[in-house]
Amino acid sequence: MRLAFMGTPDFAVPALQALHDAGHEIVAVYSQPPRRAGRGKQLSPSPVQQLAESLGLPVRTPASLKDEAAQSGFAALDLDVAIVAAYGLILPQAILDAPKTGCLNIHGSLLPRWRGAAPVQRAILAGDTETGITIMQMEAGLDTGPMLLKSETPIDGKTAGELTEELANTGAALMVQYLASPTEYPPETQDDTLATYARKIEKQDARLDFSQSADQVERQIRAYNPQPGAFFEYQSSRYRILEAQVSETTGPAGTILDDQLLIGCSTGSIQPKVVQKAGKPAMELKSFLNGTKIPAGTLLQ
């Protein structure tokens, strides 16, 4: 098929690679403009742009698709279809209507559950036992279009990073499968009464709330790994907990209970396993405690 690919982060990279490997004619790759990153704040192209350039594919990085020039340039591509995966820009109706068969999205949840920007994190936070990928036909609403193909994935204690990588590979394979024989997969209308909204993750969301149960805190740690990183503060320094396990030991919520950094929650407690002080590398708990002591009885912020 003659197509355009529209994506930005690592999640979208396997799909672009799979579509290229499957022999589709990718006439343009759209990605968000390069962002400043790193200590030097140098402009850095997105993971999708980097892959596209390595494959010799033409890349477009408009800041918006709302202006007439961007829309006419997209229409001039004369596409069979556009494939979208975590692109990050709103697609106006003129963009949605331009390809002969419209725009297809690789969405990281089992729609209609977790429509929106952060489906992987929200599924973990909610304690869902499974999530998955939905290939859907895009329309003006937020992830409301007809579903074409689905695949379920157990969450099984995975971090958001681990789950996102798994779903990215699943989504890539599923999209190639769909495009190979689209008539085999009739569209299914979503049941709006079952919809939930996956609100965007903000940095302040990642502050650990020990007034919750230990199970909820552990889910928070997994949902925010690797970004933005679930954290607490002690003596004006920020500490990220990257991995932890639940303990049945009880104690005051938010209080260090022993010399092994066991932290009380509303029910049970949380035992960190991998910790990272701001500006320092992540460490296994034993190594961390060799250099940092947070006394038992300390009430964390």
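In the hairpin of β12 and β13, which residue takes a positive phi? The residue is Gln-235, with phi near 50°, in a hairpin that has two residues between the strands. The model is predicted, so local features require pLDDT of at least 70 and side-chain atom pairs count only at pLDDT 80 or more, while totals for chains, interfaces and linings use all residues. Residues are numbered from 1 along each chain as its sequence is written, and side-chain values use heavy atoms, with hydrogens and water left out.

Helices (H or I, at least four residues) and strands (E, at least two) are DSSP runs numbered from the N terminus, and two strands pair if DSSP finds at least two bridges between them. On that basis, seven strands form an open sheet of mixed pairing, in the order β5-β2-β1-β6-β7-β9-β10. Its edge strands, β5 (59-60) and β10 (147-154), each pair on one side only. Strand β1 (residues 2-7) runs parallel to strand β6 (residues 81-85), and five bridges join them; Met-6 stands opposite Val-84 in β6. Further along the order, β7 and β9 run antiparallel and are joined by four bridges, with Asn-105 opposite Met-136 in β9. The pairing of β9 with β10 is also in the antiparallel sense, over seven bridges, and Ile-135 has Leu-149 in β10 as its bridge partner.

Burial is defined by relative accessible area: under 20% is buried, over 50% exposed, and partly exposed in between (1.4 Å probe, protein chains only). Strand β9 (residues 130-137) is mostly covered, as six of its eight residues are buried. Phe-5, which lies in strand β1, is buried with a relative accessible area of 0%. Taking contact as heavy atoms within 4.5 Å, and not counting residues up to four places away in sequence, Phe-5 touches Ala-12, Ala-15, Leu-16, Leu-19, Ala-28, Val-29, Tyr-30, Val-48, Ile-83 and Ala-85.

In soluble globular proteins, nonpolar side chains tend to be buried together. A nonpolar core is here a set of buried Ala, Val, Leu, Ile, Met, Phe, Trp, Tyr and Cys residues joined through side-chain atoms within 4.5 Å. The largest such core has 67 residues, of which Phe-5, Leu-16, Ile-83, Ile-106, Leu-179 and Phe-210 touch the most other members. Helix α6 (residues 160-180) gives the most to this core, with nine residues. Apart from it lies another core, of 18 residues, which includes Leu-65, Leu-89, Leu-91 and Ile-95.

Helix α1 (residues 13-21) contributes buried positions at Pro-14, Ala-15, Leu-16, Ala-18 and Leu-19. The elements covering them include β1, β2 (25-30), α2 (47-54), β6, β7 (103-107) and α6. Helices α1 and α6 pack at an angle of about 35° with their axes 8 Å apart, where axes are lines fitted to C-alpha atoms, for helices over the stretch in contact, and angles run from 0 to 180 degrees between N-to-C directions. From α1, Pro-14, Ala-15, Ala-18 and Leu-19 meet Ala-168, Asn-169, Ala-172, Met-175, Val-176 and Leu-179 of α6. After α1 comes Gly-23, whose phi is positive, near 90°.

The hairpin of the opening question can now be placed in its surroundings. Four bridges join β12 to strand β13 (residues 237-247), and the two run antiparallel; Arg-240 in β13 is the bridge partner of Phe-231. From strand β12 (residues 231-234), Phe-231 and Glu-233 point one way and Phe-232 and Tyr-234 the other, and all are buried. Gln-235, in the loop between β12 and β13, counts as exposed at 63% relative accessibility.

Most residues other than glycine have a negative phi, and most peptide bonds are trans. Gln-235 is not a glycine, yet has a positive phi. Trp-114 likewise has a positive phi, of about 65°, although it is not a glycine. Trp-114 is found in the loop between β7 and β8 and is buried, with a relative accessible area of 11%. Pro-112 is found in the loop between β7 and β8 (115-116), and a cis peptide bond with omega about 10° joins Leu-111 to Pro-112. Another cis bond runs from Gln-227 to Pro-228, with omega near 0°; Pro-228 is found in the loop between α7 (214-223) and β12.
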